[in-house]
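Student: I'm new to this structure and would rather begin with one spot than with everything at once. Please take me through a single part slowly, then link it to what lies around it.

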Amino acid sequence: MRKIAFLFAMLAFVGCGEGWVEDARPKVYIESFEKEAGEDYAYSYGFESEQFEFEYFKNTEFGYWGGFAHSVLKDSDAENGIYENQYAVFNDKAATGDGFLVYYYDSYNEPCDIVIKKSYALVGVRLNLSTYTYASITNEDINSYARVFADGDYLKVIFTAMLGDQAGNKVECYVADFRDGKSLMATEWNSYDLTALGDSYDSVRVTIETSDVGEWGANTPLYICIDDLSFMEVKKK
């Protein structure tokens with residue numbers, strides 16, 4: 001069952017002379033990606049709610065996919081960070097509840113979007129590395145194609161506001177950052193602010209960029225796990 005929670009559920013009232021004025025701050029909601037599933041459920045492609053559609057594609061002939069998948073798989077053992085475990089988050093839990101989204105950016109195909117069905121603007125999100133990606137940037141024996149991150153390396157998720165085919169504001173979220181002496185890795189469902197996207201778009205495009213790039217493109221597995229997507233209503237102008 002999908003869970004939509006209120007981040008701000010109460011209205012504040014401010015004194016004004018002899019009366020009261022309602023503080024009409026917009027409510028902020030959270031999509032925590034819960035869904036009913038059987039005991040054997042592990043993952044499924046795509047996700048849709050009343051507010052959003054999370055796109056994906058799947059080529060059954062050649063066995064590849066891209067975009068969003070819903071998952072309940074958690075694995076904080078980096079030794080299990082192999083391709084066959086690509087739908088797991090490198091954590092023992094979701095940010096909220098049991099489910100979350102895995103996004104795989106296949107840079108050889110068109111990126112997938114978060115399609116916004118109603119008048120909403122994204123406010124924030126929690127991101128966590130996948131087990132496969134974490135292992136690839138920390139253990140050279142896990143993934144022979146990717147190298148262990150060192151000083152200067154990074155992995156970032158880019159959210160781009162789209163109005164039709166026109167790209168607007170972007171927010172860059174570094175989920176692994178070894179630049180300038182830093183050693184950040186998003187393994188604790190780190191929070192990221194998305195308000196800089198603005199409020200005039202009908203979809204948000206998600207791409208992922210790494211500093212480990214070879215002749216044929218990215219060597220780092222371009223996965224990110226997503227939970228607690230917060231959003232607010234936007235009044236049409």
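Tutor: Let's start at Thr195, which is partly exposed because its relative accessible area is 44%, a value in between the cut-offs for buried (under 20%) and exposed (over 50%), found with a 1.4 Å probe on protein chains only. Before going on, bear in mind that this is a predicted model, where local features need pLDDT of at least 70, side-chain atom pairs count only at pLDDT 80 or more, and totals for chains, interfaces and linings use all residues. Residues are numbered from 1 along each chain as its sequence is written, and side-chain values use heavy atoms, with hydrogens and water left out.

Thr195 sits in the loop that joins strand E16 (190-193) to strand E17 (203-210). Strands (E, at least two residues) and helices (H or I, at least four) are DSSP runs, numbered from the N terminus. The Thr195 side chain makes a polar contact with the side chain of Asp193, at 2.8 Å. That term stands for a pair of N or O atoms within 3.5 Å; within protein, one must be able to donate a hydrogen and the other to accept it, and residues adjacent in sequence count only if both atoms are side-chain atoms.

Now look further along the chain. Setting aside residues up to four places away in sequence, Thr195 touches Leu122 and Val123, where contact means heavy atoms within 4.5 Å. Gly124 is 71 residues from Thr195 along the chain, yet their C-alpha atoms are separated by 6.8 Å.

Gly124 leads us to Asp228. Leaving out neighbours within four places in sequence, Asp228 is in contact with several residues, including Gly124, Val125 and Arg126, as well as Ile30 and Phe33. Asp228 belongs to strand E20 (residues 223-233), and it counts as buried because its relative accessibility is 10%. Its side chain also makes a polar contact, at 2.7 Å, with the side chain of Thr96.

Where is Asp180 found? Asp180 lies in the loop between strand E14 (166-177) and strand E15 (184-185). Is Asp180 buried or exposed? It is exposed, because its relative accessible area is 75%.

Finally, step back to the whole chain. The protein chain has one helix and 20 strands, and buried residues make up 47% of its 237 residues. Among contacts with a separation of 6 or more, 72% come from residues 24 or more positions apart.
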